[in-house]
Amino acid sequence: MNIKDLKVGLQSNGIRVLAGNKGRKGGAGPAGSNMFIFGDTVVSAPTFAKFVSKSPYNIELDGNIGILRKEDEEITEVRVPRPRFYDLKTKDGIPYKKIALLHGEDCLATTVVQRCIYWNTPERCKFCGIELSKEVTVEVKKPEELLEVAEAAKRLDGVTHATLTTGTVRGRDRGIWMLSRCASAIKSARISVHVQFEPPKDLACIDDLYENGVDTVGIHIESFDKEVLGYIAPAKAKIGIERYVEAWKRSVDIFGENQVSSFIIAGLGESDESIIDGSKILVDLGVYPFVLPLSPIPGTYLEDEVPPSFKRMKNIYESVSDIIKDANLSWKKSKAGCVRCRACSALDVFEE
Ligand code: SF4
């Protein structure tokens, strides 16, 4: 089994789950997909989107185990995590899985505010499904509940780090205050914490995260193609690249090289050069370029799109992983979050 080809192939084609758990349909982050662990890696592979019906990859899960097949050929055994903390509830009767989820193998993930000021406006990011899962999640998470879930997830499922994201909220801090409080609570469970946010107007907010124990941060430009970003994520485009650069620089000063990251999504209409040149800009600042393919979520504006082809993603991963290695950055050095989780990008296997 060539693990690089397999991980890229699964991201580009998805997996037809013929029996068993297909994963999560909507929400923020990797929705419309499930987590599959095989070899030394884990992948978030699409399972719900329309294009998946044409995938050669298929699986029948027996509990949390199954044999992955390409058409009829057996490829490898894979495991789908079934976290034990999902069976628990808070003393007020809220199921833990409505507060946080397991991402990848050992990452607790939550959206602390599951709504976004851009959702009912033309400025909503077209790939995002943040408000599609409001009925299956607590809309605003409380720090004390997150701590309770984090302690259980660590004890029962070996969780070692956490990713906290948020919809954009009103205010100069863009939700950072809320992220700080939640991060500080989770740190009490001795779990490393990653938080994701828009560049704030007041950069001192980033210092506040560090003081509250945050280990790594993600400030996601999504695309370095100005025109593409203007169409796909108009609110982010309005912020302007200069403010992203300021926020990345300030964050690297505080958290250190390799502890700051940015998503670059492939498949939004950009060229390969835009991704590769953007990755160089990030790496020169000490920021890890977390390149990943578009994974269209059912119910979003991009639900009928398809991820980039296997061939295109493989070339992009090869180029970007060379840039990362030349700069002596690595997913292995990241203390927490998406870079360490690596389910949504195949850069980890290309770094080997
Ligand atoms: S890479 Fe990030 S968004 Fe993707 S599954 Fe892991 S923690 Fe979640």
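Visitor: Which residues surround the ligand?
Guide: Pro30, Met35, His103, Cys107, Thr163, Phe290, Cys338, Cys341, Ala343 and Cys344 surround the ligand, where near means a heavy atom within 4 Å. This is a predicted model, with local features needing pLDDT of at least 70, side-chain atom pairs counting only at pLDDT 80 or more, and totals for chains, interfaces and linings using all residues. Residues are numbered from 1 along each chain as its sequence is written, and side-chain values use heavy atoms, leaving out hydrogens and water.

Visitor: How does that shell split by class?
Guide: The shell has eight nonpolar, two polar and no charged residues. Ala, Val, Leu, Ile, Met, Phe, Trp, Tyr, Cys and Pro count as nonpolar, Asp, Glu, Lys and Arg as charged, and the others, Gly among them, as polar.

Visitor: Switching topic, how many salt bridges are there?
Guide: The structure holds 16 salt bridges, each a side-chain nitrogen of Lys or Arg within 4 Å of a carboxyl oxygen of Asp or Glu.

Visitor: What is the N to O distance for Arg312 and Asp272?
Guide: Their salt bridge spans 2.6 Å, N to O. Arg312 lies in helix H9 (residues 310–326) and Asp272 in helix H8 (residues 272–285), so the pair ties together parts 40 residues apart in sequence. Helices here are DSSP runs (H or I, at least four residues), numbered from the N terminus.

Visitor: Is Asp272 buried or partly exposed?
Guide: Asp272 counts as partly exposed, because its relative accessibility is 24%; buried means under 20% relative accessible area, exposed over 50%, partly exposed in between (1.4 Å probe, protein chains only).

Visitor: Which residues form a network?
Guide: Salt bridges link Lys7, Arg79, Glu105, Arg342 and Asp348 in a network.

Definitions and conventions
Helices (H or I, at least four residues) and strands (E, at least two) are DSSP runs, numbered from the N terminus.
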